[in-house]
Amino acid sequence: MSEKLLRVIVVVAMILLVELLCRIGVIPRTVMIAPSDMVVELGKIIASGQFSADITITFTNIAISTVLSVLLGFAAGVVIYSLPGLRNAIEPLLASYYAVPTFVFYPIFITLFGVGSASIVAIAVLLAIVSMVTATLNGLDRIPRVLRKTGQIYRMSRVKTALLIELPAATPYLFTGVKLSVAYSFIGVIASEFILSGAGVGYAIAYAYNLFDNGHMYALMLLVLIVVTVVNTFLNVIDRRLQSRRQR
Amino acid sequence: MTSLATSPMPRSAGTLLVLLAIVLLWQGLHLLVGASSLASPLQTVTKLAALLMTGEFWLNISETMRAFVAAFAISLFGGIALGIVLGLRKLAGNVAEPILTTLYSIPKVVLYPLVLLCFGLGISAKIAFGVMHGLIPITLFSMNAIRQMKPVYRRTSQVMRLSPSQNAFTVIMPAILPEIISGVRLGFSLTLLGVLIGEMFASQRGLGFLLTGAINLGQIDTIMAIALLLTVFAVTCNVLMMRVDRRLTHR
């Protein structure tokens, strides 16, 4: 408990330090506005609804790419798991996958799908899907053999085995994949909007940066940071529960 | 693919077949959507060869590499040092770990304007952005490596009264090296990604800048040539690090 308290103190102290440095002018307003001002600006843009359209687009795209990469990644993982030869061939490629800076493919998607949500979702799915595939393979690998044998003894059908034994046993590992897919979808969508796009929170931040409009820029940055932190905390709580169920 | 599943083929041959399938798929897609949307594998390789002949391309490569090497060196040494300190001091480690994990999962690209405002347009902003991506994973892996180190090592070094630097270089480093390599692999790719995103958003030189320029001019073959070059580079380095990793863990 005292660790938690200490952590809160550290974070609050850092924010206060930045606040102080901004207020006394060590950090000029052209570089960074004070954290309290960021909160005020965030309140203003939410109240005025100026960026509502951008915010909706971004979070819709993140949701779409998360769902797509989880479903497709799970399906691909199951197929690869059931074909050991294919799996042997593909595994070295999966291990190197995240070494590739995926964003260099974003321009290719732009020429294929044009500037818009389709290419943004495509790059986010490309970034997120492999973590789901890996998590699915890992989860299926770790199903204890005794559970499957028990299913055989009860003469369960293939479908029943999958739904009642394999899926619940693999869930904690699958959830790790879901968590990573959410994180990668956030990164994929916002970074693509940032680099080249005509709408969305990432675009709005880049636009405000080009106009030296620090008020809006920092308010939107704060919005993204808050949303990501809340979503992560929520996913971590579920994760911890699933992990503790596994130890039982 | 079913024949692949049944025949007892050596692992690397299967991987080559998959790579061949990817190239065929690429060629098929190229025929489907047309040369103006997607260059063929052959066109891409020819373009890359042509680009590699020009001196200007090498200037951009060296610019990106300079930023990348500096960022990676800072992430590597900073991350390992920070990880060792946080791993040895339990309270500091426990307090810092959730903060670091949260920082790790935020899309750092939203913070790039802040980096640009602090460092200005130029190589230092790219380096800083690369470090932001690479430092935290290396720190987290090194920290966990130390925490999972067998306590007997630490006790032995205490009994032998090793000095802190002797302890660090002769006991701790060799013990945690295999885990650190995994962190370094992740840090390597993320640092490269950070430097490239930095260049794509705001830069005057470098491969990321060439990419954005090619998007604006609609030069699909240049885009794909650069993407191919970066992919080959990243995958080669990753495979080399995995080899080192395997050798260390099977020691």
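**Exercise 1. What percentage of the 248 residues of chain A count as buried?**

Solution. Begin with the conventions: this is a predicted model, in which local features need pLDDT of at least 70 and side-chain atom pairs count only at pLDDT 80 or more, while totals for chains, interfaces and linings use all residues. Residues are numbered from 1 along each chain as its sequence is written, and chains are lettered from A and ligands numbered from 1 in the order in which they are written.

Next comes the term itself: a residue is buried if 20 or more other C-beta atoms, placed from the backbone, lie within 10 Å of its own, exposed if 12 or fewer, and partly exposed in between. By this rule, 40% of the 248 residues of chain A count as buried. For chain B, the value is 40% of 251 residues.

**Exercise 2. Work out how helix 5 of chain A is placed against its surroundings.**

Solution. First take the geometry, for which axes are lines fitted to C-alpha atoms, for helices over the stretch in contact, and angles run from 0 to 180 degrees between N-to-C directions. Helix 5 (residues 106–113) and helix 6 (residues 117–141) of chain A pack at an angle of about 145°, with their axes 9 Å apart.

Then list the residues that meet: Tyr106(A), Phe109(A), Ile110(A) and Phe113(A) from helix 5 face Ala118(A), Ser119(A), Ala122(A) and Ile123(A) from helix 6. Seven of the residues in this contact are nonpolar, one is polar and none is charged, where Ala, Val, Leu, Ile, Met, Phe, Trp, Tyr, Cys and Pro count as nonpolar, Asp, Glu, Lys and Arg as charged, and the others, Gly among them, as polar.

Finally, look at the buried residues of helix 5, which are Tyr106(A), Pro107(A), Ile108(A), Ile110(A) and Thr111(A). They pack against helix 6 and helix 8 of chain A, together with helix 10 (207–217) and helix 11 (220–249) of chain B. Just after helix 5 of chain A, Gly114(A) takes a positive phi of about 85°.

**Exercise 3. Characterise the side of chain A that touches chain B.**

Solution. Start with the count: 47 residues of chain A are in contact with 51 residues of chain B. The elements giving two or more residues to this side of chain A include helix 1 (2–23), helix 8 (158–195) and helix 10 (214–247), while helix 4 of chain A supplies the largest share, 10 residues. The residues on this side of chain A divide into 39 nonpolar, six polar and two charged.

**Exercise 4. Which residues of the largest nonpolar core touch the most other members?**

Solution. A nonpolar core is a set of buried Ala, Val, Leu, Ile, Met, Phe, Trp, Tyr and Cys residues joined through C-beta atoms within 7 Å. Of the 126 residues in the largest such core, Ile190(A), Ile205(A) and Leu220(A) touch the most other members. Leaving aside neighbours within four places in sequence, Leu220(A) is in contact with Phe51(A), Val201(A), Ala204(A), Ile205(A) and Ala208(A).

**Exercise 5. Where is Arg155(A) found, and is Arg155(A) buried or exposed?**

Solution. Arg155(A) is found in the loop between helix 7 (145–153) and helix 8 of chain A, and its phi is near 55°, a positive value in a residue other than glycine. Arg155(A) is exposed because 7 other C-beta atoms lie within 10 Å.

Methods
Contact = placed C-beta atoms within 7 Å. Helix = DSSP H or I, 4+ residues; strand = E, 2+ residues; numbered from the N terminus.
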